[in-house]
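Open the model in a viewer and keep the selection panel at hand. The stops below go from whole chains to a single residue.

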Amino acid sequence: MSLTGGGRTACSCCGAAAVYLQRATGRHFCHTHLAEEVEARARKTMADDGMPGRGSRVAIALSGGKDSTVLLAILHGIARGQRDLDLVAITVDEGIAGYREATLRAADAMAARFGIPHRTASFAELFGETLDHRVEGQESRACSLCGILRRKALLTLAREEGAGCIATGHNLDDEAQSVLMNWLRGDRDRLLRDPGQHADRGFVPRYKPLREITEKEVALYGMGTGLFSPLPECPYRHTALRGEARAMLNAMEHRFPGTMERVVRGQRRLALAAGEAGRAPPGSCTVCGDPCSGPTCQACRVLDGEVFRAARHR
Amino acid sequence: MRVQLPDGTVRTVEAEGIPVEQVLGLLGVNPVEVIVTRNGTVVPEDAMAEREDELRLIRISHGG
């Protein structure tokens with residue numbers, strides 16, 4: 001596959017053959033200028049969000065998929081110019097047969113390629129069983145349970161590595177899907193949570209440098225820089241509400257370019273307007289001590305089986 | 001023109017000199033969700049596709 005061939009559409013920056021049409025602006029980009037645009041936007045987001053730079057140890061949540069791989073490459077590029085920016089890649093093996101093996105190999109290869117130390121921990125090691133085993137007969141709950149436990153696992157790994165923050169590969173599409181899902185669930189707390197407020201409740205702060213970059217831009221960046229090859233899809237993907245939200249938003253984005261950006265910015269304005277009133281009161285989990293809004297954090301409820309019992313009664 | 005879909009199946013579209021986006025529309029594919037190569041080269045959806053061209057659609061969304 002080539003990214004340098006001809007076409008009748010030309011890059012708005014240099015006139016070379018375009019690989020991408022930014023539908024919201026009507027601008028075309030060749031690979032080189034798309035890469036520059038993506039990197040500049042990631043740097044700006046990091047600066048806007050106050051992500052720690054010099055003198056910091058940043059844990060990159062590396063799944064091995066395209067988003068976290070692109071994040072790894074961009075942060076590696078930034079770290080080359082900042083010798084005291086210390087990167088470590090952290091990977092969680094959820095235990096999903098037929099899917100995770102290939103992405104774990106990809107994560108290993110990418111961390112080695114960039115010379116970044118890499119730690120992996122599995123659900124089986126941390127929580128006593130694989131995701132496959134845990135959700136047997138409850139497959140429709142797989143994505144929400146996986147998300148809760150993965151956050152806990154990443155937090156554990158980041159603490160063990162002495163990281164000052166966690167960087168994740170969430171892109172603009174992911175963020176818009178999360179907003180729509182929160183509306184669909186009627187989740188007031190999450191809708192009013194300011195995504196720019198990361199460190200006010202005792203967590204290792206999390207940052208999303210790609211949160212203003214579309215999934216297609218991330219994918220084209222990765223293809224153009226030879227970062228990855230096709231990987232298998234998660235077998236639980238089709239059970240997720242996220243899939244429905246993705247399809248709805250993609251359809252709207254096609255008809256009304258810029259929809260996803262407006263959805264995310266609207267939620268952020270809502271959260272800023274809500275201010276303190278929108279934030280859940282900080283507390284500590286009575287089981288593990290991690291910050292949470294109720295007496296027990298979601299991860300401990302999952303591990304205790306409470307979420308499973310509640311799900312059976314729905 | 002010959003079009004390879006993300007699942008590997010191949011369709012033939014009888015058209016000449018139309019935008020890639022229109023080809024995708026005929027196949028019910030949203031251009032937001034795919035990267036398109038034309039004769040092995042990545043092109044934006046407003047590039048033109050000719051009768052003899054070969055298009056390949058690559059799905060960009062993975063994960064859960």
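## Chain A as a whole

Select chain A: of its contacts between residues at least 6 apart in sequence, 72% join residues at least 24 apart. The model is predicted. Of the 314 residues in chain A, 40% are buried.

## Chain B

Now select chain B. Its secondary structure consists of one helix and seven strands. Traced from the N terminus, the elements come in the order β-β-β-α-β-β-β-β. Along the principal axes, the C-alpha atoms of chain B occupy a box of roughly 40 × 20 × 20 Å. The radius of gyration of chain B is 11 Å, which agrees with the value near 11 Å for a compact globule of 64 residues. Buried residues account for 39% of the 64 residues of chain B. Among the contacts in chain B with a separation of 6 or more, 54% are between residues 24 or more positions apart.

## Where the chains touch

Show both chains and select the residues in contact across them: 32 residues come from chain A and 20 residues from chain B. On the side of chain A that touches chain B, the elements giving two or more residues are strand 1 (20-22), helix 6 (142-160), helix 9 and helix 10 (241-255) of chain A. Helix 10 of chain A gives the largest share of that side, six residues. By residue class, the side of chain A that touches chain B has 16 nonpolar, eight polar and eight charged residues.

## Helix 9 of chain A

Next, select residues 215-224 of chain A, which form helix 9. Is helix 9 of chain A enclosed by the rest of the structure or open? Ten of its ten residues are buried, so helix 9 of chain A is largely enclosed. Among the buried residues are A:Lys216, A:Val218, A:Ala219, A:Gly222 and A:Met223.

From chain A, the cover includes strand 1, helix 1, helix 2 (66-80) and helix 7 (172-185). From chain B, it includes strand 4 (34-38) and strand 5 (41-43).

The crossing of helix 1 and helix 9 of chain A is left-handed.

Show side chains at the contact. Helix 1 of chain A brings A:His31, A:Leu34, A:Ala35 and A:Val38, while helix 9 of chain A brings A:Glu217, A:Leu220, A:Tyr221 and A:Gly224. The residues of this contact comprise five nonpolar, two polar and one charged.

## Last stop: A:Glu215

Finish on A:Glu215, in helix 9 of chain A. Is A:Glu215 buried or exposed? A:Glu215 has 24 other C-beta atoms within 10 Å; a residue counts as buried at 20 or more, so A:Glu215 is buried.

Which residues does A:Glu215 contact, apart from its neighbours within four places in sequence? In chain A they are A:Asn171 and A:Asp173, and in chain B they are B:Ile60 and B:Ser61. Draw the C-alpha to C-alpha distance from A:Glu215 to A:Asn171: it is 5.9 Å, for residues 44 apart in sequence.

Terms used
Residues numbered from 1 in each chain as written. Chains lettered and ligands numbered in written order. Predicted model: local features only at pLDDT ≥ 70, side-chain atom pairs only at ≥ 80, totals over all residues. Axes fitted to C-alpha atoms, helices over the stretch in contact; angles between N-to-C directions. Helix = DSSP H or I, 4+ residues; strand = E, 2+ residues; numbered from the N terminus. Left-handed = near helix turned anticlockwise from the far one by under 90°. Contact = placed C-beta atoms within 7 Å. Nonpolar A, V, L, I, M, F, W, Y, C, P; charged D, E, K, R; others polar. Rg over C-alpha atoms; globule rule 2.2 N^0.38 Å. Buried ≥ 20, exposed ≤ 12 C-beta atoms within 10 Å, placed from the backbone.
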